[in-house]
Amino acid sequence: MGDTEICELVVIGGGPGGYPAAFYAADLGMDVTLVDMEAAPGGVCLYRGCIPSKALLHAAGVMREAQAAEAFGLSFGATSLDVARLRSWKQSVVSKLAEGLGQLMKARKVRFIQGRARFADASTLVVARSDGADERVRFKSAILATGGVPTRLPFAPDSPRVMDSTGALALEDIPARLLLIGGGYIGMELGQAYAAFGSKVSVVEMLPELMAGADPDLVQPLAARLKQQFEAILLETRVLAIEANDRQVTVRMADRAGQERTETYDRVLVSVGRSPNTRDLGLEQTRVQLDRSGFVVTDEQRRTAEPAIFAVGDIAGPPMLAHKATFEGKIAVEAIAGRKSVCAPQAIPAVVFSQPEIAWTGLTEREAAGQGLAIAVAKYPWAASGRATILGVSDGLTKLITAKDSGRVLGVGITGPGAGELIAESTLAIEMGAVAEDLAQTIHAHPTLGETVMEAAEMSMGYATHVIKVSK
Ligand code: FAD
């Protein structure tokens, strides 16, 4: 077994938690080793998550826009899809980004080991390298960033027709009938892409609504479109059994009243959530602790109960989002560098890249109500926005949740095209402790969708140019 010198920092996992941490630490002058099972950094986000899913959604969006353009006199003829080309384009996007990350890593002189790491003790890792050799890595500090894995349904059979998100992103074919199990963001995004590509998509969800983490008024425009785009939306319905053979998948379900139904599909996508990836890491050789849900317990600097070991990203708790992982990774590096940084964001944006997009940041209205806060909610309808009208979007919404007494911005929710881009301003506003007046008094360019944030802020102050009779 090979043995290396003691390295200052080893990062286990090269996803959006791990690789920015490794790069930042190298920029701060640390000697850094990064370990990942893939050939280059990027993690789930790049290879099996954010990037390939958004590539498919972009293609699906272009298809839908081309069809919708008939309304203003543009016709491209019937849209058609070459699945093999779409697949290889999506792969080229991933490869280009992976190559770029590899170059950035080399330029920073971060040592990369491709392999599977396991703790031998609280200051030693054993890496089963991809070339077959085992290497012992001794470290002063470690950042654990091994991410998450799709949660499995215990009764789901092992079959290529029963896919998780990784299988769905592989885009083997466009199934004639596809069932999504789970109405969260991963299922809705991928389901909408498959529906655009020609699948008849159904969704089954145990809860009474889709996208349960977001406020219902933000989800409503998406739900209305899905009603038209999907074959069936089965809420308050539980999957009881799944059987698969070479040609199809049979699914037995029961609704709230216990009424059972059995349907057959060409493929099923199980998207019932993600779980932290802590298996077989040798954590029992350390003092690292897990909570009841399996997440690594950390303090506000993301230090575990083992002082030399930090944990960031999906493994360290919800929300399981790439940008939250990156933020935590940088805090952990600063803590290792001896700085007093802590992880205390006021707002973490969440974006569903569906059509229309849904984005929110800070508190949702439900969360604010759940905390018993005295709030005011201003809702600016996009039907009053010039830009939205040009885009043909009348069902968009920008809503501002403020503290009733001070006007301080507590949360913002947006639904409509570009919501994911628009939400950045609101996250900054919350981080800066802005009040509604700050947003209202900031000049926003015309005609842009950004003006909807400004006018929602005006509404919360009792006056908005394009809305009559604003009730405060
Ligand atoms: P990961 O990205 O999961 O990376 C962990 C890495 O650790 C992997 O590369 C793995 O190979 C490596 N690893 C694991 N065990 C070991 C070991 N023992 N030794 C060495 N290496 C190991 N988030 C968003 O913010 N926006 C989105 O739009 C979005 N879309 C998504 C779409 C899909 C389909 C999925 C599945 C996820 C999506 N996510 C999205 C979630 C996002 O991918 C994760 O939150 C993010 O990747 C977490 O980053 P991480 O660094 O914690 O770990």
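Reply: This is a predicted model. Start at Glu189. Leaving aside neighbours within four places in sequence, Glu189 is in contact with Ser53, Lys54, Leu57, Val351, Val352, Phe353 and Ser354. The residue itself sits in helix α6. Glu189 is buried, with a relative accessible area of 2%.

Now widen the view to the helix. Helix α6 covers residues 185-197. Its 13 residues should span 18 Å at 1.5 Å a residue, and the end C-alpha atoms are 18 Å apart, which agrees. Of those 13 residues, 11 are buried, so α6 is largely enclosed by the rest of the structure. The buried ones are Gly187, Met188, Glu189, Leu190, Gly191, Gln192, Ala193, Tyr194, Ala195, Ala196 and Phe197. Just after α6 comes Gly198, with a positive phi of about 120 degrees.

Next, the partner helix. Helix α3 runs over residues 50-68. It has 19 residues and reaches 26 Å from its first C-alpha to its last, close to the 27 Å expected at 1.5 Å a residue. Buried in α3 are Pro52, Ser53, Ala55, Leu56, Leu57, Ala59, Ala60, Gly61, Met63, Arg64 and Ala66. Their cover includes α2 (43-48), α4 (83-107), α5 (165-169), α6 and α7 (216-229).

How do the two helices meet? The axes of α3 and α6 come within 9 Å and cross at roughly 40 degrees. That angle makes α3 oblique to α6. The crossing is left-handed. On the α3 side, the contact is made by Ser53, Lys54, Leu56, Leu57, Ala59, Ala60, Met63 and Arg64. On the α6 side, Glu189, Leu190, Gln192, Ala193, Ala195, Ala196 and Phe197 take part. By class, the contact of α3 with α6 has 10 nonpolar, two polar and three charged residues.

Pro175 contacts Tyr194, Ser199, Lys200, Asp266 and Arg267, leaving aside its neighbours within four places in sequence. Pro175 is found in the loop between α5 and β9 (177-181). It is buried, with a relative accessible area of 4%. Pro175 and Val268 are 93 residues apart in sequence, and their C-alpha atoms are 9.3 Å apart in space.

Leu171 is buried, with a relative accessible area of 0%. As a rule, most residues other than glycine have a negative phi, and most peptide bonds are trans.

Arg302 is another case of positive phi. Its phi is about 70 degrees, although Arg302 is not a glycine. Arg302 lies in the loop between β16 (274-276) and β17. Arg302 is buried, at a relative accessible area of 14%.

One joins Pro318 and Pro319, with omega about -5 degrees. Pro319 lies in the loop between β17 (309-311) and α8 (322-336). Another runs from His446 to Pro447, with omega near -5 degrees. Pro447 is found in the loop between α12 (436-440) and α13 (451-460).

Conventions. Residues numbered from 1 in each chain as written. Predicted model: local features only at pLDDT ≥ 70, side-chain atom pairs only at ≥ 80, totals over all residues. Heavy atoms only, no water. Axes fitted to C-alpha atoms, helices over the stretch in contact; angles between N-to-C directions. Helix = DSSP H or I, 4+ residues; strand = E, 2+ residues; numbered from the N terminus. Parallel < 35°, antiparallel > 145°, perpendicular 65-115°, else oblique. Left-handed = near helix turned anticlockwise from the far one by under 90°. Contact = heavy atoms within 4.5 Å. Nonpolar A, V, L, I, M, F, W, Y, C, P; charged D, E, K, R; others polar. Buried < 20%, exposed > 50% of the residue type's maximum accessible area, 1.4 Å probe, protein only. Expected span 1.5 Å × (residues − 1).
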